[in-house]
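Open the structure in your viewer and keep the sequence beside it. The stops below say what to select next and what is there.

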Amino acid sequence: MSPDPAEALFARLTELAPEGYNFGFHIRYSRPSVVKLTYREDWSKFYSNHNFILSDPSVIWGLTNTGAKRWSEIDLPDPLDVFGHAKNYGYNFGVSIGCGDSESKTLGSAARADREFNKHEIEKIRKTVEDLHDLLGMRGKLKQHQIDALQAKERGLTYDEICEKLDISRTALKNRFAGARRALGVETNDEALRVAIERGLLEATSYTGVIKGLAGSD
């Protein structure tokens, strides 16, 4: 099996920011399609418990800008002293990244303890995040026949009922589901359905398709 290009890019990002980073990719309807977090667990829990994301200057900058900016250069209010608390956990220096448009934004930050990221490092981090944004965005696209199959599943139809509705064989239906799973980066049909609904690719008409699998195996 050939290596996953996304995993290779995440490995590169880890080499560039070994002390930690957190990025949300393709934020739509306030939810990212992919999140990658490598900050230490103690800081991540403290950050989450205090709801810092609502007023974090590094997040606000990435949400409203494209490119890269050192934390020390971000001139935004920090009412909860997020940067100060980050320093208490050893994250003294950081860089914020933002890319994509308002309908599908990718943003986040990387941090370190010892010094500022230099311009060369920042450019490499920015480029890697943009490459991941482009790659993961391509994975999130479904073809119309895959959408049709998932929409029928969402309505609670069985394999046989979907095949009859779409006038296709059972093998063809399984191939459509397999293609949708690959495109969305998930392992099961139910996960594909959930992710497609979250991304606004499907119309959610009932609970049936969300909580009930189709008759037959994936």
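**First stop: α6 and α8**

Select α6 and α8: their axes come within 9 Å and cross at roughly 100 degrees. Axes here are lines fitted to C-alpha atoms, for helices over the stretch in contact, and angles run from 0 to 180 degrees between N-to-C directions. The two helices α6 and α8 are therefore roughly perpendicular to each other (the word covers angles of 65 to 115 degrees). To see the contact (heavy atoms within 4.5 Å), show H145, Q146, A149, L150 and K153 of α6 together with L173, R176, F177, G179 and A180 of α8. These residues of the contact of α6 with α8 divide into 5 nonpolar, 3 polar and 2 charged. In this count Ala, Val, Leu, Ile, Met, Phe, Trp, Tyr, Cys and Pro are nonpolar, Asp, Glu, Lys and Arg are charged, and the others, Gly among them, are polar.

The model is predicted: local features need pLDDT of at least 70, side-chain atom pairs count only at pLDDT 80 or more, and totals for chains, interfaces and linings use all residues. Residues are numbered from 1 along each chain as its sequence is written, and side-chain values use heavy atoms, with hydrogens and water left out.

**The whole chain**

Zoom out. The chain has 10 helices and 5 strands; helices (H or I, at least four residues) and strands (E, at least two) are DSSP runs, numbered from the N terminus. Along its principal axes the C-alpha trace spans about 60 × 35 × 30 Å. Of the 218 residues, 44% count as buried, that is, under 20% relative accessible area, while exposed means over 50% and partly exposed lies in between (1.4 Å probe, protein chains only).

**Along α8**

Return to α8, residues 170-184. Its 15 residues should span 21 Å at 1.5 Å a residue, and the end C-alpha atoms are 21 Å apart, which agrees; the expected span is 1.5 Å times one less than the number of residues. Buried residues of α8 include L173, F177, A180 and L184. After α8 comes G185, with a positive phi near 70 degrees.

**Next to it: α7**

Select residues 159-166, helix α7, where Y159, I162 and C163 are buried. Seen down the axis of α7, the buried residues fall within an arc of 100 degrees, so they line one face of the helix; the arc is that of the directions from the helix axis to the C-beta atoms. An α-helix has 3.6 residues a turn, so residues three or four places apart point the same way. D160, E164 and K165, on the other side of α7, are exposed.

What do the buried residues of α7 pack against? They pack against α6, α8 and α9. With α8, the packing angle of α7 is about 95 degrees and the axes are 9 Å apart. The contact joins Y159, D160, I162, C163 and L166 of α7 to R170, L173, K174, R176 and F177 of α8. Its residues divide into 6 nonpolar, no polar and 4 charged. Just after α7, D167 takes a positive phi of about 60 degrees.

**Last stop: T66**

Move to T66, in the loop between α3 (57-64) and β3 (67-70). Is T66 buried or exposed? At 55% relative accessibility, T66 counts as exposed. Neighbours within four places in sequence aside, T66 is in contact with W61, G98, C99, G100 and K105.

Conventions
Angles under 35 degrees count as roughly parallel, over 145 as roughly antiparallel, 65 to 115 as roughly perpendicular and the rest as oblique.
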